[in-house]
Amino acid sequence: MRTTLQAQDGKARALSLTLAHGEVQTPIFMPVGTQGCVKALDSIDMSQILGAKIILANTYHMYLRTSLQTLQAFGGIHNFAAFSGNILTDSGGFQAFSLNTNVKRSEDGISFKSHIDGSKHFFSPEFVLDIQYALNSDIMMVLDDLVGLPASDERIADSIRRTSLWAERSFIYHKANQAKGLGLNNHLFAIIQGGVNLHFRTLSCTQLLNMGDFDGFAIGGLAVGEETQAMYECIEHTTALMPRDKPRYLMGVGTPENIIESIALGVDMFDCVMPTRNARNATLFTHFGKINIKSQAFVNDQNPIDTLCDCYTCKHFSRAYLRHLFRANEITYHRLASIHNLHYYLRLTQGAREAILQGEFKAYRQKFYSLREMETPL
């Protein structure tokens with residue numbers, strides 16, 4: 001993977017990542033396609049209507065829902081899902097942790113039962129990569145040991161030790177495969193853990209940096225119960241430790257405000273289920289803040305969802321019609337609402353990139369808050 005730092009404005013950065021399925025320009029938001037699709041949308045929606053250059057798929061769910069043989073027969077998830085852009089796959093460790101009450105961690109990996117049929121499975125660092133090779137992921141995440149917050153120092157320290165151990169095994173396995181000519185277009189990201197304890201974040205980052213030349217680094221284990229300000233302080237501390245010439249990925253975060261603030265702190269890549277999950281539950285994002293489309297206030301509203309938005313939904317349909325579809329429980333609502341929310345997130349990061357390239361990110365951030373009638377954080 002070729003990474004080019006094209007501009008920096010304060011701590012905010014604009015990168016260009018050259019991957020097997022095209023160039024990715026950051027800051028970038030990655031829609032979440034858990035089971036090989038973004039809920040309510042297909043690959044045509046993603047590529048032609050939304051222009052998404054990279055989406056995220058879930059290793060855990062793809063492994064349980066379809067066979068590795070099927071994925072290999074298709075040459076990976078791109079052909080299987082008919083998506084020509086790039087795909088990042090997480091390790092599945094979070095889902096093994098969050099969807100099961102009987103997860104057992106060991107030095108060798110994670111044992112768990114399928115939330116679908118109760119069948120027993122085991123994720124080792126190496127097997128997780130084998131699944132991602134079958135998916136032919138452009139970016140693969142190492143298996144890590146996620147910690148919910150709050151957590152004891154002892155538990156966080158154990159998480160860092162295990163995460164580093166698994167990352168090293170993943171790195172060695174991946175490099176051995178590449179030496180055989182395998183996985184040459186599959187790029188490996190390490191994951192920094194440590195809760196909101198800055199000492200532990202430093203420890204985790206230092207161990208991973210000393211381990212090997214990963215293609216990128218992610219900040220994991222945030223937005224899991226901590227205060228927002230503590231999260232920002234942790235992000236600021238951690239990005240300062242991360243390589244300048246590698247992409248920085250903040251996993252699973254979050255609100256538009258979270259994204260703007262994290263870009264200001266030097267983060268390049270984001271994913272979150274919030275745009276699509278909130279859309280399905282009647283919450284739509286606009287330049288002026290959130291609206292709840294089921295409100296009686298929109299029953300006769302002929303305006304688009306957002307008067308500053310040029311998405312497919314806003315160009316063609318009114319708030320009143322969207323409200324009608326939601327209240328009628330029509331599936332079409334989920335598609336139109338998801339298109340709008342994802343367009344908003346994608347354009348939010350695209351606008352940030354354009355501002356960084358022009359040296360105007362500070363003004364872009366101020367306008368973001370001004371439209372919401374909010375004070376710009378210091």
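This is a predicted model: local features need pLDDT of at least 70, side-chain atom pairs count only at pLDDT 80 or more; totals for chains, interfaces and linings use all residues.
**Entry 1**

On its other flank, serine 111 of S9 is the bridge partner of lysine 104. I then looked up the sheet around these residues, and found three strands in the order S8-S9-S10, open and antiparallel. The edges are strand S8 (104–105) and strand S10 (120–123); each has a single partner strand, so one side of each has no neighbour in the sheet.

Next I checked the bridges. S8 and strand S9 (residues 110–113) are antiparallel and share two bridges. Between S9 and S10 I noted four bridges, antiparallel again.

Which residues make up the covered face of S9, and which the uncovered one? I get Ile110 and Phe112 on the covered face, with Ser111 and Lys113 on the uncovered face.

**Entry 2**

I looked at the backbone angles in the turns next. The S8 and S9 hairpin has four residues between the strands, and glycine 109 there takes a positive phi near 155 degrees. The hairpin of S9 and S10 has six residues between its strands. In that turn I found glycine 118 with a positive phi of about 80 degrees.

**Entry 3: helix H6**

Is helix H6 (residues 125–135) mostly covered or mostly uncovered? Mostly covered: nine of its eleven residues are buried. My list of the buried ones includes Pro125, Val128, Leu129, Ile131 and Leu135. Glu126, Gln132 and Tyr133 are buried as well, which I jotted down separately. Just after H6, I noted that asparagine 136 takes a positive phi of about 60 degrees.

**Entry 4: the nine-stranded sheet**

I moved on to the other sheet on my list. Nine strands form it, in the order S4-S15-S14-S13-S12-S11-S7-S6-S5. The sheet is open and the pairing is parallel. Which strands stand at its edges? They are strand S4 (28–30) and strand S5 (32–33), each pairing on one side only.

I picked one pair of neighbours to look at in detail. Strand S14 (residues 248–250) and strand S15 (residues 269–271) run parallel and are joined by two bridges. Tyrosine 249 has methionine 269 in S15 as its bridge partner.

**Entry 5: the whole chain**

I count 15 helices and 17 strands in the secondary structure of the chain. The C-alpha atoms fill a box of roughly 60 × 45 × 40 Å along the principal axes. For 378 residues, a compact globule would have a radius of gyration near 21 Å, and the chain's 20 Å agrees with that.

Buried residues make up 54% of the 378. Of the contacts with a separation of 6 or more, 67% are between residues 24 or more positions apart. The accessible surface comes to about 16000 Å², and 49% of that belongs to carbon and sulfur atoms.

How far apart are the mean positions of the positive and negative charges? I have 4 Å, with 35 positive and 36 negative charges in the chain.

Technical notes: Residues are numbered from 1 along each chain as its sequence is written. Side-chain values use heavy atoms; hydrogens and water are left out. The radius of gyration is taken over C-alpha atoms; the globule rule is 2.2 Å times the number of residues to the power 0.38. Buried means under 20% relative accessible area, exposed over 50%, partly exposed in between (1.4 Å probe, protein chains only). Contact means heavy atoms within 4.5 Å. Accessible areas come from the Shrake-Rupley method with a 1.4 Å probe; for residues, only the protein chains shown count as cover. Lys and Arg count as positive and Asp and Glu as negative; His and the chain ends are not counted. The place of a charge is taken as NZ of Lys, CZ of Arg, CG of Asp or CD of Glu. Two strands pair if DSSP finds at least two bridges between them.
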